[in-house]
Amino acid sequence: MQPVLSINGVAKAYGAIKALKGVSYDVPEGSVFGILGPNGSGKTTMLSIILDILKADSGTFSWFGQPGSPETRKKIGSLLETPNFYHYLSAVDNLNITHAISGRGDAKDIDRVLEIVKLSERKKSRFSAYSLGMKQRLAIGAALLGDPDVLVFDEPTNGLDPVGIAEIRELIKELSKRGKTIIMASHLLDEVEKVCTHVAIMKKGELLTAGAVDEVLSNEDIVEVSSSDPQRLYAELKSFPGYSSIKQDGKNIQLFFPLATSQLEQVNRFCFEKGITLNLLLVKKKSLESKFFELTND
Ligand code: ATP
C-alpha cells in the first residue's frame, strides 16, 4: 500500500542549529503515527515542513505519492498551535469564521464536527466559558472541517489535566476508527504507547528508529548466561528455540525473548544437555522506559 506521507532525507537548520539532519520515514495509511522525542528534537520543525509552513533546506516529501499541492493540502487537517478563537463568540460562530477563512467544510459540516468532538450540547456557549479540554476539542474540530483524510497534531494533549488528556486520546482513537490517518508529535512515551500504532523516535534532529509501536517499543525479557567457554556457549545457544535475538555482551550471552516467555529452566537444561555448565543464569526485564531511555540517551 502506498504510504500517505513519504519523507526522504529532510534537513533543516536555523543558523548554526541543525534542527533536522536528513530524516526519512513513511507514514502508512490508516496509522496513528507518533513522532516521539524530547524537547528540541525537531518534531515541530518536521510538522511545519510537511505542512508547507517552513521550507526544508534539502530532502523531499510526498503526500499520497505526489509533491505537496493545494489539492493534496485539502486532504490534510492540522493543529500546530491553538487557533485564535474569539473569546466572546460561541463554538458555532467561531467555526463559521474558521470555515469562511479556510474555505473548508460548510454550515452542515460544523454540526458534524461538533458532534465528533462532543461539543454539540455546548455549541452555543461562549468560547471563554469552555474548559481547556473543551477549547482543545474545538481546535481539533476546526481541523476536521472539510473532512480531511489526514490529521496532523502537534502535542495535542499539552497543558491539559488528566480528564482533558483522556478525552483527547479517546477522540484520536475515534478518528482513527473512522479511517483517518493521524500524525502527532509527542514527548510522552506513555502517550505514544497508548494511542499510536506507529512511531518515529527522534533525538537532536536525527531519526533513531521508526516502525510499528509493538515492534519498536516491544517489551522484552533478557536471559543472560555465561560459562567458561563463551564462544562455544554462543554457538550452541544459537539453536535454542523461541528467542527473538541473541547478543554477546563481553563474556555474557544475552537471549532476548518476547515479554513473559523467557525460559530460564529450559535454557539451563539445554546447556546442561550440551555438556555446558553455566556460571551465570539470570533474567532481566526490559521496560519500555528503559528501551526509550536507551534509544534517546548517549
Ligand atoms: P518542542 O517540543 O520543545 O517544540 P521539538 O521536538 O518540536 O521541541 P523543534 O521545535 O522542531 O523541536 O526544535 C528543534 C531545534 O530547533 C531546537 O534546538 C530549537 O531550539 C531550534 N529551533 C526551532 N525553531 C527555531 C527558530 N525559529 N529559530 C531558531 N531555532 C529554532
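The legends below describe close-up views of a predicted model.

**View 1. The largest pocket and its lining.** The largest pocket holds about 550 Å³ of space. Its lining is made by 24 residues, and those nearest the centre are Ser78, Glu81, Pro83, Thr98 and Ala142. Helices α1 (43–50), α3 (91–102) and α5 (132–144) and strand β5 (76–79) each contribute at least two residues to this lining. With five residues, α3 gives the most. By class, the lining of the largest pocket has 13 nonpolar, eight polar and three charged residues.

**View 2. The second largest pocket.** The space in the second largest pocket is about 180 Å³. Among the residues that line this pocket are Leu79, Leu80, Glu81, Thr82, Leu132, Lys135 and Gln136, together with Asp154, Glu155, Asn158 and Leu160. Helix α5 gives the most to the lining of the second largest pocket, with three residues. Four of the lining residues are nonpolar, three are polar and four are charged.

**View 3. The salt bridge between Glu155 and Lys43.** The model has 17 salt bridges. In one of them, the side chains of Glu155 and Lys43 meet at 3.9 Å, N to O. Glu155 lies in the loop between β6 (150–154) and α6 (162–177) and Lys43 in helix α1, so this pair ties together parts that are 112 residues apart in sequence. Both Glu155 and Lys43 are buried.

**View 4. The salt bridge between Arg137 and Glu167.** The side chains of Arg137 and Glu167 form a salt bridge of 2.6 Å, N to O. Arg137 is in helix α5 and Glu167 is in helix α6, so the pair ties together parts 30 residues apart in sequence. Arg137 has 10% relative accessibility and counts as buried. Glu167, at 34% relative accessibility, counts as partly exposed.

View 5. The side chains of Lys180 and Asp147 meet in a salt bridge of 2.6 Å, N to O. This pair links distant parts of the chain, with Lys180 in the loop between α6 and β7 (181–186) and Asp147 in the loop between α5 and β6, 33 residues apart. Lys180 counts as buried at 11% relative accessibility, whereas Asp147 is partly exposed with a relative accessible area of 39%. Salt bridges that share partners join Lys180 and Asp147 with Asp109 and Arg112 in one network.

**View 6. A nonpolar surface patch.** Leu264, Leu281 and Val283 make a nonpolar surface patch of about 190 Å². Leu264 is placed in helix α10 (residues 264–273). The relative accessible area of Leu264 is 32%, and the residue is partly exposed.

Technical notes. Residues numbered from 1 in each chain as written. Predicted model: local features only at pLDDT ≥ 70, side-chain atom pairs only at ≥ 80, totals over all residues. Heavy atoms only, no water. Patch = residues over 30% accessible without salt bridge, like charges linked within 9 Å, V, L, I, M, F, W, Y side chains within 5 Å. Areas by Shrake-Rupley, 256 points an atom, 1.4 Å probe, with all protein chains shown as cover. Salt bridge = Lys/Arg side-chain N within 4 Å of Asp/Glu carboxyl O. Helix = DSSP H or I, 4+ residues; strand = E, 2+ residues; numbered from the N terminus. Buried < 20%, exposed > 50% of the residue type's maximum accessible area, 1.4 Å probe, protein only. 1 Å grid on protein atoms, 1.4 Å probe; cavity = no way out; pocket = protein on both sides within 12 Å on 5 of 7 lines; lining within 4 Å. Points joined across faces, edges and corners; volume = space filled by probe spheres on them. Nonpolar A, V, L, I, M, F, W, Y, C, P; charged D, E, K, R; others polar.
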